[in-house]
Amino acid sequence: MEYAALVDVYERLEATSSNLEKTAILAEALADADEAQLPILVKLLRGTPFAAWEAEELGISSRLTTEAIATATGVDEDAIEATWRDTGDLGDAAAEAVANRKQRTLVTTRLDVRTVHDTLQELATYEGEGSQERRIEAVAGLLNDADASEARYVVRTVLGHLRVGIGDGTVRDAIADAFLDGSDAAIEAVERAYQVTNDYRTVARTAKRDGVDGLAELDVELFRPVEVMLAQKAEGLPEGIDEVADEGAAVRLEHKFDGVRTQIHKQGNEIRVFTRRLEDVTAQFPDVVAAVREGVDATECIVEGEIVGYDPDTGEVLPFQTLSKRIKRKYDVEETAAEIPVTVHLFDCLYRDNESLLDASLRERLTALERILAPEPGAIELATHQAAESTADGGESGDDGRGDDTASGRAKDDAGETVAAEADRAFYAAALDAGHEGVMLKNAAASYQPGRRVGYMMKVKPTMEPLDLVVTRAQWSEGRRSEFLGRLFLACRDAESGDLREVGRLATGYTDEELRDLTARLEPLVTERDGRQLELQPEVVLEIEYEEIQPSPEYDSGFALRFPRFVRVRDDLRPTDADTLDRVSTLHDQQ
Ligand code: AMP
C-alpha cells in the first residue's frame, strides 16, 4: 500500500470533527486492507509503530527531527524552526520545507506504508555511539522520498503527535463496522478483546478472520499485559460497602497502598513487571523480580499488586514522589534500590498455570494467589485485608470470603442511618495510621473487569476540598489525544500582589468532549508559542480535585497538587475569583 493512500486517510480524518464520520473513514480503510497490511495499518492509523505495552521509544526529539528535515531538503534549520513557531506544528514545517526543497538525491522511490513502519520501528533499536546520526539519516531518508503531505505525517508520527483525532473508541467502533455488523454487541466484543489483549492489531486481525466468536476466544496471554481494573470513589466507608455489596455479596476490605500499581507476568525464570499504564519497568525493579522469583511458586502466572517504597531506616511508608525516582532511574538501578527499598503487596491473580482467571470470582482468584504465594515479610506479601462487617443485609452466609465469626449485620446509628461497623472503621483508621492512602472495597463474588466499572471495586480515602484555579500555560497532549491541549498549568492567586502562582499541571480527569471544548476555549488565548508549549492569557478558571498538596520547588507557589483532576470549567468565575495562595497553604497545613 502506498503511503500516499494512508496520507489521504489521515487528511480526511483531520478534515472532520464528527466522530461518526471518522469512524466511517477508518472502517473503510480497515476493510480495504489485506490481512498482511492490516496490523501495520492499525498501528500507523493510531500514530505509532508499537503496541501500548511495548517498551520501545523512537528516541528522536524535535531537535533531531528538525535536523533530519534540513538534511533532506537543504532548507536551513532556522527557517524550519520559524515555520514551526508560526504554525505550532513541526509536521507543517516539514511540509513547507519539502515544498521549497533545495536539494534532492537523484534516486527517489514512492514511499510505501511498510517502509515507513519498518523504518520507524528500527529507530528504536539504534543504540550507543552514532545512534543519533543514524536516526537523523533514517528520518531524512523517508523525507527525501516524501512529498509535502507525506512529510507532514511522517514527522508527526515520528514525534508521536498525529493530530488526526482518533481515539480508542473510534478505532473500536471502526473495527466493529469494518469486520462485524457494527451492533452494540459487536462493539462490546471488540472492547473486551482489546482490554484483554491491549493490542488493536490482534483485535482487528481476529475480527476480520474469525468474527465475534474469535474475539470471544481471545484471552490473557503471558507478557501481554491486561488493562487493569480500576476503582470508583466511594462517598464514604458505609456508602461504599453498601454499593459494592450490591446483591448482598461479601465485601473484602484491603489497605489502599500508595505506590506503583503493578502487573507481574512470570513464566519459569522469566519475570516482567508492568505498571498500570502498561509500561515495562522490569529493569528498574530487580528487587521485585527477585522477590517474585523467591516468593511466587508457579510455573506461569500473572499477579497484581502495589509496589510500595519504605524508608530503610525508619520503616515508614515513603511518599509516591520518592518512589517514582525508581521508575525514572535508568542507571545506578541497584544503588537506588538500596536507597528506596520496596515491598510488593499482592492482591490479585489473573492467570495461573495455563488457566485464565479473568472470569473467576475474586474469592477464587485470591485462593489461587494464596496457593502460590510464600510471603516474605518486607519483600513480598499479601495485601493487608479484612472482611467487611457491615455488608448490606448482613451479607450472605457460608463461603463468603469473610471471617465467619465477624458477621454482625448492618449497623445503624441513632438516626437509623447505615454506618460501617466498628471493625470496618478500625480497619480504615489502621490503614491511614500505617501511612497508607485509605482502603479498597472489593466485591468478593465479582470477576476481573478491566477499566472502571460500577460494583466491582471502590476506594475510600480522605478527600481534599476542590480548588478553583486559573490556566496559565498549556501543552499539546501526547498520543491519542495529541490534537488537544490536555496538559494545563494551573495557578492560584497571590492575594497581596495579585500575581498568579502555579501549583501544578493537569493532565487527567476529562472526557474527549471536555478536552475538545477546553482546547477551543484556550487556543484563542495563546500569547506565545514555544514548540508545543503555549503561554496563555489567564482567563479560564477550572475546578480541580486532587489528592494532596505537597511542598514543591518546581512551581512558583512553592506547592504542587498531587494527581490533579479536572472537575469542570467555572464559567461563573473570573481569574480574580480563583483560590488564593493563602488558602492553598492553609489546606496544605491541614492535611
Ligand atoms: P486510584 O488511583 O485512586 O483510582 O486508585 C486505584 C489504584 O489504587 C490502583 O491503580 C492501585 O494502584 C492502587 N491500589 C492500592 N492498593 C490497592 C489494593 N489493595 N487493591 C487494588 N488497588 C490498589
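A residue counts as buried when its relative accessible area is under 20%. Keep that cut-off handy for the exercises below, and remember that this is a predicted model.

**Exercise 1. Work out whether tyrosine 194 and tyrosine 200 are buried or exposed, then describe how their rings pair.**

Step 1: Start with tyrosine 194. Its relative accessibility is 10%, so tyrosine 194 counts as buried.
Step 2: Now try tyrosine 200. At 3% relative accessibility, tyrosine 200 is buried too.
Step 3: Look at the rings. The centres of tyrosine 194 and tyrosine 200 are 3.9 Å apart, with 5 degrees between the planes, and the pair is stacked.

**Exercise 2. Classify the pair made by tyrosine 510 and phenylalanine 566, and find where each residue sits.**

Step 1: The ring centres lie 5.4 Å apart and the planes meet at 45 degrees, so this pair is tilted.
Step 2: Tyrosine 510 belongs to the loop between β18 (500-506) and α19 (512-522), while phenylalanine 566 is in strand β24 (residues 565-569). The pair therefore ties together parts that are 56 residues apart in sequence.
Step 3: Check burial. Tyrosine 510 has 6% relative accessibility and counts as buried; phenylalanine 566, at 7%, counts as buried as well.
Step 4: How many aromatic pairs does a search of the whole structure find? It finds 3.

**Exercise 3. Trace the hairpin formed by β4 and β5.**

Step 1: Strand β4 covers residues 260-267 and strand β5 covers residues 270-275. They run antiparallel and are joined by 6 bridges.
Step 2: Pick out a bridge: histidine 265 has arginine 272 in β5 as its partner.
Step 3: Go to the turn. There are 2 residues between the strands, and glycine 268 in the turn has a positive phi of about 60 degrees.

**Exercise 4. Find out why the buried residues of helix α13 line one face.**

Step 1: List the buried residues of α13 (residues 237-244): Leu237, Pro238, Gly240, Ile241 and Val244.
Step 2: Look down the helix axis. These buried residues fall within an arc of 165 degrees, so they line one face of α13.

**Exercise 5. Explore the largest nonpolar core through leucine 215.**

Step 1: This core has 74 residues, and Leu215 is among those with the most contacts inside it, along with Tyr3, Tyr10, Leu30, Leu45 and Ile175.
Step 2: Leaving aside residues up to four places away in sequence, leucine 215 touches several residues, including Leu180, Val190, Val203 and Ala207.

Technical notes: Residues are numbered from 1 along each chain as its sequence is written. This is a predicted model: local features need pLDDT of at least 70, side-chain atom pairs count only at pLDDT 80 or more; totals for chains, interfaces and linings use all residues. Side-chain values use heavy atoms; hydrogens and water are left out. Two strands pair if DSSP finds at least two bridges between them. Helices (H or I, at least four residues) and strands (E, at least two) are DSSP runs, numbered from the N terminus. A nonpolar core is a set of buried Ala, Val, Leu, Ile, Met, Phe, Trp, Tyr and Cys residues joined through side-chain atoms within 4.5 Å. Buried means under 20% relative accessible area, exposed over 50%, partly exposed in between (1.4 Å probe, protein chains only). Contact means heavy atoms within 4.5 Å. The arc is that of the directions from the helix axis to the C-beta atoms. Rings of Phe, Tyr and Trp (its six-membered ring) pair if their centres lie within 6.5 Å; planes under 30 degrees apart count as stacked, over 60 as edge-to-face and the rest as tilted.
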